[in-house]
Amino acid sequence: MTAPILKLRDVVVEFPALRGVKAMMAPRAARHVQALNGISLDVQRGETLAVVGESGSGKTTLARAINGLLPLAGGEIWFNDIALHQRPDWHAIRRQMAMMFQDPVGSLSPRKTVRDLVLEPFAIHGQAVGTPSETAQRLLEDAGLNADFLNRYPHQLSGGQARRVGVARALSLNPAMVLADEPTAGLDVSVQGEILNLMNGIKSEHGLTTIIITHNLNILRHIADRIAVMYLGRIVEIGPVAQIMEQPRHPYTAALMSANPEPDPTARRDRIILSGETPALTARPSGCEFHPRCPRAGANCSNVVPELTTAGARAVSCHYPISENA
């Protein structure tokens with residue numbers, strides 16, 4: 001097997017919890033909250049990894065940390081054997097690591113036409129563009145839009161059209177990896193399917209590595225190879241998409257999958273109702289952070305942090321994981 005394109009080891013990202021005089025007087029542990037707490041994973045070349053979890057679980061923070069938009073408080077990140085934690089040349093790295101932001105319209109400058117927007121990466125990175133109009137038209141056509149859109153502004157685009165422009169921008173410099181934050185958010189179901197088909201086609205044609213941040217569990221079978229499930233800034237389970245969705249081993253994963261809306265109105269599904277609310281980052285539970293809500297919690301769950309243990313193609317962080325035959 002070839003070396004992973006992306007490696008994370010014990011990655012920690014912190015945000016300030018206190019400011020001013022309160023921060024000066026408080027101990028360091030109280031001055032910060034950990035949004036990511038010891039993330040370790042490998043992403044193989046050409047695969048699509050989906051990162052899922054409740055709001056506030058750290059999914060977008062993870063993508064921004066990988067892309068250098070947030071500083072690391074600890075740990076290491078390697079991309080194409082370049083140590084991203086050692087102040088690399090981000091200008092050069094971002095030619096190979098593109099980002100698709102969650103808001104498709106808000107991420108586009110309202111002062112630029114679509115033509116200027118898709119050509120902007122060439123100017124930023126000093127890359128030759130050939131014939132600008134022809135290059136812009138080719139990029140749009142690859143993303144499923146015709147030349148009629150070249151002179152439009154972002155406010156003249158629908159959500160799906162703006163997302164396609166974002167895809168064209170992200171792929172303009174032929175990156176090795178794309179970080180896509182909620183690529184189907186706010187889109188009609190039919191448009192979601194078009195965007196997913198577009199991304200699958202690009203992956204097949206270019207061998208692109210993709211990390212997708214999403215709440216939409218129904219798209220995972222159509223686009224992902226593996227799923228990483230996050231809870232309070234940790235990965236609690238990771239593995240092949242079919243195994244995670246059909247036989248989850250972590251109790252949180254099982255509850256998350258059971259809450260996914262079922263398209264078939266006649267289908268029956270046993271919902272797992274968790275007790276309590278997701279704890280705040282400023283009040284992390286001791287031991288396994290999921291234990292106050294977990295129906296399988298045992299005596300040691302409240303004081304012993306479970307390790308992410310690998311078994312076969314998947315890994316799970318749980319003292320009492322669900323049996324694969326359950």
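## Packing of two helices

The angle between two helices runs from 0 to 180 degrees between their N-to-C directions, and their axes are lines fitted to C-alpha atoms over the stretch in contact. The model described here is predicted. In this model, helix α5 spans residues 114–124 and helix α7 spans residues 159–171. The two helices pack at an angle of about 30°, and their axes lie 7 Å apart. Because angles under 35 degrees count as roughly parallel, α5 and α7 are roughly parallel to each other. The crossing of α5 and α7 is right-handed.

On the side of α5, the contact is formed by Val114, Leu117, Val118, Glu120 and Pro121. Helix α7 contributes Val165, Ala168 and Arg169. Of the residues in this contact, 6 are nonpolar and 2 are charged, while no polar residue takes part.

## Cysteines and disulfides

A disulfide is a covalent bond between the sulfur atoms of two cysteines. The count for this model comes to 0 disulfides. A pair of cysteine sulfur atoms has to lie within 2.5 Å to be counted.

For Cys288, the closest cysteine sulfur belongs to Cys301; the distance is 5.9 Å, which is too far for a bond. Cys288 counts as buried, with a relative accessibility of 12%. For Cys294, the closest cysteine sulfur is that of Cys318, and here the distance of 5.9 Å is likewise too far for a bond. Cys294 is also buried, at a relative accessible area of 17%.

Note on methods: Residues numbered from 1 in each chain as written. Predicted model: local features only at pLDDT ≥ 70, side-chain atom pairs only at ≥ 80, totals over all residues. Heavy atoms only, no water. Helix = DSSP H or I, 4+ residues; strand = E, 2+ residues; numbered from the N terminus. Parallel < 35°, antiparallel > 145°, perpendicular 65-115°, else oblique. Left-handed = near helix turned anticlockwise from the far one by under 90°. Contact = heavy atoms within 4.5 Å. Nonpolar A, V, L, I, M, F, W, Y, C, P; charged D, E, K, R; others polar. Buried < 20%, exposed > 50% of the residue type's maximum accessible area, 1.4 Å probe, protein only.
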